[in-house]
Amino acid sequence: MKAEIIAVGTELLLGQIVNSNAQFLSIELAALGIDVYFQTVVGDNKNRLLEAIRIAQSRADVILFTGGIGPTEDDLTKDALAAALGRALHIDQLAMDHVQRFFDDRKIVMTENNRKQALIIEGTTPLSNDTGLAVGIAFADEDKYYIVLPGPPREMKPMFTDKAKPWLQQHALTNEMPLYSKMLKFAGIGESLLEDKLIDLIRSQTDPTIAPYAKEGEVTVRISTKAPSEREAMVKLDLLEKTIADILPENLYANIDVPLEQLIVDWMADAGLTLSAAESCTGGLLMESITNIPGSASMFAGGIVCYSNDIKKKLLNVPSAMLEGPDAPGAVSREVAEVLAEQVRMIGDTDFGLSVTGVAGPGYSERKPVGLVFVGLAERGCKTEVYELNLKGTRDNIRLRTVKALLYRLWRRLEERKVATPLEGSALQ
């Protein structure tokens, strides 16, 4: 069964608000086994809305509308849909009583245009609005199913969840199988390389399906299947997950949607391990990513933002000879990254110390190019490792990718040392 979402509102076209409703509905419909093939945004214009309805009728089985059902002249969704189907509009008395009570309770005179929020199309099921005033509607016409919802997310989401979804399940989905998915999380690999590694699976996919998604510094692969039950779905998804894990054993870190930093925090906290950090070009972004995770206080001792050479020398004991002089490797170097990681680990008396030093841009530093970054990983009783990164992008891109790359190295070290118990249900053994 195919669906189209029509979001109504000129403010969406102008970019004044983000269409978060379409994202929510697409996720919800996919879970019901309804495939969203199209998302349309149309302004507050009846003729253009009528055209959008006609197009949706030609290519979708389920058509959902959000917005355009308020009290003002430019709220046209129900008018246009009624005109498209040749049906009349009338006041739903229960909805009208709800609107009237709102004004009576506040001792405010209700203007006549508010009656518009109680309008429904003849032969439709009203969807009561528990968090607002405008009533929604649901109905079938020939072989199509229509859902009309309010625009504000605080009204739309509960109306869909509590009213529209049960209506769809009862009237439209008697023969549809639900969609089940797993989110596989990867680190230390880019989207293009991951796709290249999985290209044979992607090209031959039928069921389950494979869909990669990329964000800065990480990649997610969603694997999905339709099945009569969750148990049957998991048999297929688990088999595909194992196949992917065998191809990318050093990059697949979780099979639920969890950020790498949360996994690291939970692992280290459970194992009683501690961490400290020294950051130059990332300016505290690494520490922020860790301390954003609840429970990080039990494993993160603290850190130092060492932007200047003076701070590197005074607080982290980096020798002047490394930082200054014609033969000095300079602040952006393997040598300095190593000292920073070791010194911050010793100062914090932690099990691990991380360091970052590099050129985030926009200009060169020490005659070294933008994107050259060195990250260090020190561990109590082990040899310190330093990794060279050559990154592209804006200043913000480089800083974020540096943090993700260093977190990946820490995760790999934890995996290799077998020093942590994985977060239940989220890590791969």
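Buried residues, meaning those under 20% relative accessible area with a 1.4 Å probe and protein chains only, make up 49% of the 429 residues in the protein. The model is predicted: local features need pLDDT of at least 70, side-chain atom pairs count only at pLDDT 80 or more, and totals for chains, interfaces and linings use all residues. Residues are numbered from 1 along each chain as its sequence is written, and side-chain values use heavy atoms, with hydrogens and water left out.

**Overall build**

The protein has 15 helices and 17 strands; these are DSSP runs numbered from the N terminus, helices being H or I of at least four residues and strands E of at least two. The C-alpha trace spans about 85 × 50 × 40 Å along its principal axes. The radius of gyration is 28 Å, whereas a compact globule of 429 residues would have one near 22 Å; the value is taken over C-alpha atoms, and the globule rule is 2.2 Å times the number of residues to the power 0.38. Of the contacts (heavy atoms within 4.5 Å) between residues at least 6 apart in sequence, 68% join residues at least 24 apart.

**Two helix pairs**

Axes are lines fitted to C-alpha atoms, for helices over the stretch in contact, and angles run from 0 to 180 degrees between N-to-C directions.

| Helix pair | Axes | Angle |
|---|---|---|
| α2 (residues 20-31) and α6 (residues 153-171) | 11 Å apart | about 25° |
| α12 (residues 309-316) and α14 (residues 334-348) | within 10 Å | roughly 40° |

The angle of about 25° between α2 and α6 makes α2 roughly parallel to α6. Angles under 35 degrees count as roughly parallel, over 145 as roughly antiparallel, 65 to 115 as roughly perpendicular and the rest as oblique. The crossing of α2 and α6 is right-handed, the near helix being turned clockwise from the far one by less than a right angle. On the α2 side the contact includes F24, L25 and L29, and on the α6 side M156, F160 and L168 are among the residues. The contact divides into 7 nonpolar, 3 polar and 3 charged residues.

Helices α12 and α14 are oblique to each other, and their crossing is left-handed. From α12, K312, L315 and L316 meet V336, V339, L340, Q343, V344 and I347 of α14. These residues comprise 7 nonpolar, 1 polar and 1 charged.

P319 lies in the loop between α12 and α13 (320-323). Between P319 and V339 the C-alpha to C-alpha distance is 9.0 Å, with 20 residues separating them in sequence.

Conventions: Ala, Val, Leu, Ile, Met, Phe, Trp, Tyr, Cys and Pro count as nonpolar, Asp, Glu, Lys and Arg as charged, and the others, Gly among them, as polar. Buried means under 20% relative accessible area, exposed over 50%, partly exposed in between (1.4 Å probe, protein chains only).
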